[in-house]
Amino acid sequence: MLIVSDLHKAYKQEPVLQGVSFSLKPAAILGICGSNGAGKSTLIHVIATILPPDRGRLSLMGIPSARAGEYRRLIGFVPQNIALSPRLTVRQNLAFWASIKGLAGASLKRAVEEAAEFANVTAFWNKPLGRCSGGMARRTNLAAGLVGSPPLLLLDEPTAGIDEQNRDLILDTVLRLKQRGCMVLMVNHYHQELALVCDRIITLKDGVIAETSAHDC
Amino acid sequence: MIVKLLRLYVRDSWNSRMLAFFLAVLLLTAFLLWFLPTWQPEQSSFFTPVSLAFVDHDRSFISRLMVDQFRGFDYVASIYVETLAEAEQRLAQNEVLLIIIIPEGFYEQSTRGQQRDPIIVHLNDRMPTETAIFLRLIRNLADSIVATQSAFFAFYDFLLPLYDDGAAMTKAVDAAFTTLFFRLIGRKSMLDIAEGQALSTTRFVVSALLCLLAMITALPILLLIQQDRRSGLQDRLVAAHVGWHHFFLARQLTGLIWLAASFVPILTALFHLYPDMDRLAAIIAILTLYWSAATLAQAVGLIFTPGEPVVLAAWLGILALLLLGGCIYPRQLLPDILRQIGRAVPPAWAQQQLYRALAGQTSSLPDLVLPTLPALAAAVAVYWGWRRCRQSSEV
């Protein structure tokens, strides 16, 4: 379970998050919605421990974020941009992320294959990422976050700028993650898109939770 | 972790720009191999022989002697003795360096100890350096005539019995002293030039070039950081528990691999051209300069928002450091304030060490260790930049 309690974050005295609290159970998808500057990306970066909070507490499966090494091992972070090497093939990229997570040998190979199959990227996994289409690169970006099957997946606008077919493939992957018992926290500009997959959607406004809505997916 | 990042960075940074850089280094190496053995800048002269015009109103034996002696100098091509109008025309046409006008009665007035009319010199403002050198020569000449007269009057009573009359003696002594003066100048025996301390153009150019190459290798690291920050790779790696020191070392080592790859051919060529070169000192100087520049590039990459202006500023920064370090102009020619500042910049030490190493002079341990101090300072800046980056991500 992910517990976010009273998170505060400010950039140069300008508050971005002002007391955000929520929790997320296993096998659930939480959507975070809001307009530009609402604090969505900051929130996901704080949960990923990329940014330190000014105040508040975070814990994942009973492990506080202060124990960064253990906490981070439980997270798969998928940033908004394609944070992969364009010169490596899809498979090499996934292998790199598996090795970063401490995997090696047969377990690395297995983890790479699992993530690739789960995210539907096996068809082009010998292709250098730089030669892949935008949709393929997005799916590979997601696959890299899935390597090692982390219990919590943080997705920062995973469907930004891609066609409908690839978007559906990504959303389908997200739904299957829920079936696997994974916790998914997904940030998106569009409430409608989140409603397709999320159990609950939080709308952020000026750094506070303005609205929470439940959905049946 | 560092090895994994290093492999990723080496593959990521191997692109067309890097290939172009290596080709440029290879071309430079080939050029050095071809050019350096034949280049002898010590044989080139600072200025070509010049011409002078004399307007001799005195027409004494001493004025004629002056003209004759000037004619004997290596660096005087020709001397025109003519009227002032002709000389002025020649000066206007840039044919002569200057006009020397010897006034009427110059010698008579000198020997009698009277207030004499001055020698007038018309200058050519199109040749300021050469004119300044000749002016100094003429002032020395005037001083020597005064000295000649002093010596002459001091021994006048003792020397007089040796001559038929006073006028003959004065003439003989003046001629002797003046001839002696010109001969001394002509043979350059009055100038003691310590050639051993003279700047070697070849070694200066080669050492400056090595500094430039070592510093340029730091630029791909800046680009690498900008790319990592833009793509979110850095954030993603942080979320995967990769520490700042992993990034720092992996990026430094990536640059080090490119540095080694580019310097192997050029150093091999230099070891061949300079067999007496202190190889260890040269390698240490290059490594410390690279390490400092790369650390600085990392600090800049982390502190400033990624973008083209930062890369441009980094280029200008490299040029400024090279200038302060005496790699563009010799430090001795820089204004005093820049020379003082230049003492603290890594290229100054590196260039000095390389210059000495090329001559086969060994460096002391402090000379080799000192350049690591800016690298340490820059490493602190990298850590500060990293913290700043983490506090205010570009989300």
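**Note on helix packing and the chain contact in a predicted model**

1. The crossing of helix 10 of chain B and helix 13 of chain B is right-handed, meaning that the near helix is turned clockwise from the far one by less than a right angle. Helices here are DSSP runs (H or I, at least four residues), numbered from the N terminus.

2. This is a predicted model, in which local features need pLDDT of at least 70 and side-chain atom pairs pLDDT 80 or more, while totals for chains, interfaces and linings use all residues. Residues are numbered from 1 along each chain as its sequence is written, and chains are lettered from A and ligands numbered from 1 in the order in which they are written.

3. The axes of helix 10 (residues 219-231) and helix 13 of chain B come within 8 Å and cross at roughly 25 degrees. The two helices of chain B are therefore roughly parallel (angles under 35 degrees).

4. Residues in this contact (C-beta atoms, placed from the backbone, within 7 Å) include Leu222(B) and Ile225(B) of helix 10 and Ala297(B) and Val300(B) of helix 13. By class, the contact has eight nonpolar, three polar and no charged residues.

5. Helix 13 (residues 279-303) of chain B reaches 36 Å from its first C-alpha to its last. In this helix of chain B, 20 of the 25 residues are buried (20 or more other C-beta atoms within 10 Å of the residue's own).

6. The contact between the chains takes 19 residues from chain B and 26 residues from chain A. Helix 11 of chain B gives the largest share of the chain B side, six residues.

Note on methods: Two residues are in contact if their C-beta atoms, placed from the backbone, lie within 7 Å. The expected span of a helix is 1.5 Å times one less than its number of residues. A residue is buried if 20 or more other C-beta atoms lie within 10 Å of its own, exposed if 12 or fewer, and partly exposed in between; C-beta atoms are placed from the backbone. Axes are lines fitted to C-alpha atoms, for helices over the stretch in contact, and angles run from 0 to 180 degrees between N-to-C directions. Angles under 35 degrees count as roughly parallel, over 145 as roughly antiparallel, 65 to 115 as roughly perpendicular and the rest as oblique. Ala, Val, Leu, Ile, Met, Phe, Trp, Tyr, Cys and Pro count as nonpolar, Asp, Glu, Lys and Arg as charged, and the others, Gly among them, as polar.
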